[in-house]
Amino acid sequence: MSVRILALVGSLRAGSHNRQLAEAAAKLAPEGAEVQVYEGLADIPFYNEDIDVEGSVPAAATKLREAAQAADAFLLFSPEYNGTIPAVLKNAIDWLSRPFGAGAFGGKPVAVIGTAFGQYGGVWAQDDTRKAVGIAGGKVIEDIKLSIPGSVTRFAETHPSDDAEVAAQLTEVVARLHGHAGEIVTA
Ligand SMILES: Cc1cc2nc3c(=O)[nH]c(=O)nc-3n(C[C@H](O)[C@H](O)[C@H](O)COP(=O)(O)O)c2cc1C
């Protein structure tokens, strides 16, 4: 059985380098793993407890929860906005964190990586993402880390899957996450 890894990307722009990283991860996934890049985070309203009640949950949030329930592991891609996690990714985590204690992360493995323009590659944002997703119920794999600096220049002409160093790093990230998820899937 294939391990299903759901990729959530914290940038909505069409030319997002984090989205390109996610696409590259999908391409480089080893046999037995499948990375699905989630579409639709832009359609999800800001989390609001008043609408997170039976009969009022927005269809876009339900769709995300169902995709997350069906996943065995998560790979989150975060750029850095003003020193922290972009709102779109935090919003997805908030929706997936509820119902309290029974959210869709459900103790499944989560790795957080990404690229940003600054010299540290968005490490603050990725650290904050690890903190939030851990509190939200994910099992954060703390030692899977990849923060690629200089996104705007590094990927100006080259897709991450055509950058040999990045492709090798992504291959390792996905293989290691697959290993963690595989332990759970076969347990
Ligand atoms: C609102 C905003 C805030 C940003 N703040 C930071 C920052 O704090 N650190 C950083 O390294 N880059 C920052 N950047 C630059 C982003 O890292 C860069 O645009 C990145 O490539 C965005 O990711 P994407 O290509 O996936 O859209 C910021 C960009 C925007 C639009």
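Where is the place of K63? We will come to that in point 5, after a few other stops.

1. **What you are looking at.** This is a predicted model, in which local features need pLDDT of at least 70, side-chain atom pairs count only at pLDDT 80 or more, and totals for chains, interfaces and linings use all residues. Residues are numbered from 1 along each chain as its sequence is written, and side-chain values use heavy atoms, with hydrogens and water left out.

2. **The annotated span.** In the model, the end C-alpha atoms of residues 4-149 lie 28 Å apart, and the span is 32% helix and 23% strand. Helices (H or I, at least four residues) and strands (E, at least two) are DSSP runs, numbered from the N terminus.

3. **Around the ligand.** The ligand is surrounded by 14 residues, and the closest are S11, R13, S16, N18 and G118; a residue is near a molecule if one of its heavy atoms lies within 4 Å of it. This shell divides into four nonpolar, eight polar and two charged residues. Here Ala, Val, Leu, Ile, Met, Phe, Trp, Tyr, Cys and Pro count as nonpolar, Asp, Glu, Lys and Arg as charged, and the others, Gly among them, as polar. The side chain of R13 has an N or O atom 2.7 Å from an oxygen atom of the ligand, while a polar backbone atom of G83 is 2.8 Å from a ligand oxygen. For F117, a backbone N or O atom lies 2.9 Å from an oxygen atom of the ligand. Taken alone, the ligand exposes 620 Å², and the protein buries 72% of that. Accessible areas come from the Shrake-Rupley method with a 1.4 Å probe; for residues, only the protein chains shown count as cover.

4. **Two residues in one loop.** S78 is found in the loop between β3 (73-77) and α3 (87-96), and N82 is found in the loop between β3 and α3 too. Are they buried or exposed? S78 is buried, because its relative accessible area is 0%, whereas N82 is exposed at 82%. (Buried means under 20% relative accessible area, exposed over 50%, partly exposed in between, with a 1.4 Å probe and protein chains only.) Leaving out residues up to four places away in sequence, S78 touches several residues, including N18, I85, L89 and T129; contact means heavy atoms within 4.5 Å. Phi of N82 is near 50°, a positive value in a residue other than glycine. Most residues other than glycine have a negative phi, and most peptide bonds are trans.

5. **Back to K63.** K63 sits in helix α2 and counts as partly exposed, at 44% relative accessibility. Its contacts, not counting residues up to four places away in sequence, are Y38, E39 and G40. K63 and R13 are 50 residues apart in sequence and 21 Å apart in space, C-alpha to C-alpha.

6. **Helix α3 and what follows.** Seven of the ten residues of α3 are buried, so this helix is largely enclosed by the rest of the structure. W95 and L96 are among those buried residues, and the cover includes β1 (3-9), α2 (59-70), β3 and α4 (123-135). In the loop between α3 and β4 (109-115) you will find P99; the peptide bond from R98 to P99 is cis, with omega near 0°.

Notes: A polar contact is a pair of N or O atoms within 3.5 Å; within protein, one must be able to donate a hydrogen and the other to accept it, and residues adjacent in sequence count only if both atoms are side-chain atoms.
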